[in-house]
Amino acid sequence: MEIRSAKYLISSPKVELCPPADKPEYAFIGRSNVGKSSLINMLTNQSKLAKTSASPGKTQMINHFLINDDWYIVDLPGYGYAKVSQQQRANWQKMISGYLKERSNLVTVFVLIDSRLKPQQLDLDFLAQLGEWGIPFNMIFTKADKSTQREAHQNMRRFIEKMKEEWEFIPRSFMTSAVKFLGRKEILGYIEELNEDWGKEESE
Ligand code: GDP
């Protein structure tokens, strides 16, 4: 899929204030510093669309971007910040669960995982939570250029092996590098396929 336009729309503190749920929507989430902003900028081919410098825990908002006037990218605040208060954590939980459970046009959640790390319990716990809520997701492994291809793929395999202890079906995953534009074509192609299905469901 070609990206013809990508615009920042709005930041919403709760799901009720999000734009009309009239287009397919893809949410991106992961631990702080996992490379989420860089990935969104890489996918949209805009160096400054998602802000890479947001201070941890501060931007507790649901951020909507309109792509090709046709679908939404949603940048969700990450989890796993060390320095947030209990109150901020509770607010995050409430906003994220409200959004994930109630957003009717949410097609899939892309959960970002650092390909340099061994399987992290925090990431596995977040996926388990999505499973409990019955929310579709895919995994995106980030920063593939930071280690050897072998290491990155080994960590991805390990993560999937861990998932198999809990999951019967393992969703599709992607290996990416925002620096090398790795995985861009695959993710955009996948979104394009899902967008087509969404259109079909709507017209039935
Ligand atoms: P966020 O907090 O999840 O939005 O993460 P950012 O996109 O701000 O990235 C965190 C840090 O990792 C920044 O210093 C980025 O430059 C770096 N980074 C993100 N993605 C990549 C990547 O694919 N390759 C490399 N080498 N660095 C990356």
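A polar contact is a pair of N or O atoms within 3.5 Å; within protein, one must be able to donate a hydrogen and the other to accept it, and residues adjacent in sequence count only if both atoms are side-chain atoms. The model is predicted: local features need pLDDT of at least 70, side-chain atom pairs count only at pLDDT 80 or more, and totals for chains, interfaces and linings use all residues. Residues are numbered from 1 along each chain as its sequence is written, and side-chain values use heavy atoms, without hydrogens and water.

View 1. An N or O atom in the side chain of serine 38 is 2.6 Å from a ligand oxygen. Backbone N or O atoms also take part: one of asparagine 33 lies 3.1 Å from an oxygen atom of the ligand, and one of valine 34 lies 3.2 Å from a ligand oxygen. The protein covers 74% of the 570 Å² of accessible area (Shrake-Rupley method, 1.4 Å probe) that the ligand has on its own.

**View 2. The shell around the ligand.** The ligand is surrounded by 13 residues (a heavy atom within 4 Å). Lys36, Ser37, Ser38, Asp145 and Ala178 are the closest. By class, the shell has three nonpolar, six polar and four charged residues.

**View 3. Helix 2 against helix 3.** Helix 2 spans residues 86-102 and helix 3 spans residues 121-133. They pack at about 45°, with axes 11 Å apart.

**View 4. Helix 3 against helix 4.** Helix 4 covers residues 149-164. Its axis is 11 Å from that of helix 3, at an angle of about 45°. That makes helix 3 oblique to helix 4.

How values were computed:
Ala, Val, Leu, Ile, Met, Phe, Trp, Tyr, Cys and Pro count as nonpolar, Asp, Glu, Lys and Arg as charged, and the others, Gly among them, as polar. Axes are lines fitted to C-alpha atoms, for helices over the stretch in contact, and angles run from 0 to 180 degrees between N-to-C directions. Helices (H or I, at least four residues) and strands (E, at least two) are DSSP runs, numbered from the N terminus. Angles under 35 degrees count as roughly parallel, over 145 as roughly antiparallel, 65 to 115 as roughly perpendicular and the rest as oblique.
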